[in-house]
Amino acid sequence: MVNREIIRLKVLQLTYAFFQNPNKDLSSAERELFVSLSQSYNLYLYLLGIIPDLLKVGRHAFEIETLRAEREHLPAPSSKFIDNRFALQLESNFTLQQFRANESNTWILNEEFLKKLYSQIINSEICSNYLNNPDDSYEADREFWRKIYKTLLIENPDIDAILEDKNIFWNDDKEVIDTFVMKTIRRFDEANGDKQELLPNELAEEDREFARLLFLNAVTKAEEYHTLMMNASKNWNFTRMAYMDIIIMQLAIAEMLTFPNIPLNVTINVYVDLAKLYSTSKSGKFVNGMLDKIARNLIERKKMLKQMKEPIQ
């Protein structure tokens, strides 16, 4: 599951923390990097697990509504929500069940939060359309939860607050992990039953080496990279640059010089996007201009064999 996008984000977080720590220990920081990558996979499983949790809330609500209907001689409530075949398949998924059975992975969501989220779902237009749609296919069931996740779980301040209490980095991770959850929902096939494969946790050796070298070079060659930044910032006081901008540029330069197979513009665009997300409002434009100058300088001095294939926007 872990891809280069989440690796770069984790390396950025750990590099920033490393230089903030007066007791810097490179070996410990490197170990923490891989632990952090593993925890991102836990977040993926936690977020998937919200759907089975909501199914339980739905069952309880259905029981109450059924008793009320019997007592007041009302029409029986629809069981379509709790009979949703995609949600039932996810609830019984072998990998997810194994993860949730491990006490160290226990993440008991606040009952009030789940009831509130369930109420938002039941009262949504998405749910109304689903319950009134005669299409009872598995595909319709799966599409219902894809829409619910996209609409009510991706942008959800209550989930953000829960994640912040659980892990200080998870709110930063969630935007990427949400894309993995959405991809997983789309990949589910009823024929696979409880053996449906989730995205794998294993970090490929190539990606492990990418993470390790990116972090080590960004940290151990910081002074060299700072010199490149100062030479490129003739109209800027290096000491007054946003600290996050400096860390982001350290990573970008490390990637430029360490990984010859990654196109130069890909690297610059990735770190400009990180600057826009995690630094100041002006950082995207500033980091773009700085990295452009640094890259051209390295090319002119033949310190880097890569070429810019097109102008940087």
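**Figure 1. The loop between α2 and α3, with His73.** In this predicted model, His73 is found in the loop that joins helix α2 to helix α3, the latter spanning residues 85–91. The backbone of His73 adopts a positive phi of about 55°, although the residue is not a glycine. The relative accessibility of His73 is 72%, and the residue therefore counts as exposed, the cut-off being over 50%.

**Figure 2. The segment after α14, with Lys302.** Helix α14 covers residues 283–300, and Lys302 has its place in the segment that comes after this helix. Lys302 is not a glycine, yet its phi is positive, at about 60°. Lys302 counts as exposed because its relative accessibility is 69%, where exposed means over 50%.

Figure 3. Leu48 has its place in helix α2. With a relative accessible area of 1%, Leu48 is buried, a term that applies under 20%. When residues up to four places away in sequence are not counted, Leu48 touches Leu90, Val181, Thr184 and Leu198.

**Figure 4. The largest pocket and its lining.** The volume of the largest pocket is about 440 Å³. Its lining consists of 22 residues, and those nearest the centre are Ala61, Phe62, Glu65, Tyr118 and Ile122. Two elements, α2 (26–72) and α5 (111–122), each give two or more residues to this lining. Helix α2 supplies the largest share, with nine residues. By residue class, the lining of the largest pocket comprises 12 nonpolar, five polar and five charged residues.

**Figure 5. Helix α10 and its cover.** Helix α10 runs over residues 205–220 and contains 16 residues. From the first C-alpha to the last, α10 reaches 22 Å, close to the 22 Å expected at 1.5 Å a residue. The buried residues of α10 are Asp207, Phe210, Ala211, Leu214, Phe215, Leu216, Asn217, Ala218 and Val219. The elements that cover these buried residues include α1 (4–20) and α2, as well as α11 (222–232), α12 (243–258) and α13 (264–278).

**Figure 6. The whole protein chain, as context for the close-up views.** Along the principal axes, the C-alpha atoms fill a box of roughly 85 × 40 × 35 Å. Of the 313 residues in the protein chain, 48% are buried. Among contacts between residues at least 6 apart in sequence, 78% join residues at least 24 apart. The accessible surface of the protein chain comes to about 16900 Å², and carbon and sulfur atoms account for 49% of this surface.

How values were computed: Residues are numbered from 1 along each chain as its sequence is written. This is a predicted model: local features need pLDDT of at least 70, side-chain atom pairs count only at pLDDT 80 or more; totals for chains, interfaces and linings use all residues. Side-chain values use heavy atoms; hydrogens and water are left out. On a 1 Å grid over the protein atoms alone, a cavity is a set of points where a 1.4 Å probe fits but cannot get out, and a pocket is an open set with protein on both sides within 12 Å along at least five of seven lines; lining residues have an atom within 4 Å of a point. Grid points are joined across faces, edges and corners, and a volume is the space filled by probe spheres set on the points. Helices (H or I, at least four residues) and strands (E, at least two) are DSSP runs, numbered from the N terminus. Ala, Val, Leu, Ile, Met, Phe, Trp, Tyr, Cys and Pro count as nonpolar, Asp, Glu, Lys and Arg as charged, and the others, Gly among them, as polar. The expected span of a helix is 1.5 Å times one less than its number of residues. Buried means under 20% relative accessible area, exposed over 50%, partly exposed in between (1.4 Å probe, protein chains only). Contact means heavy atoms within 4.5 Å. Accessible areas come from the Shrake-Rupley method with a 1.4 Å probe; for residues, only the protein chains shown count as cover.
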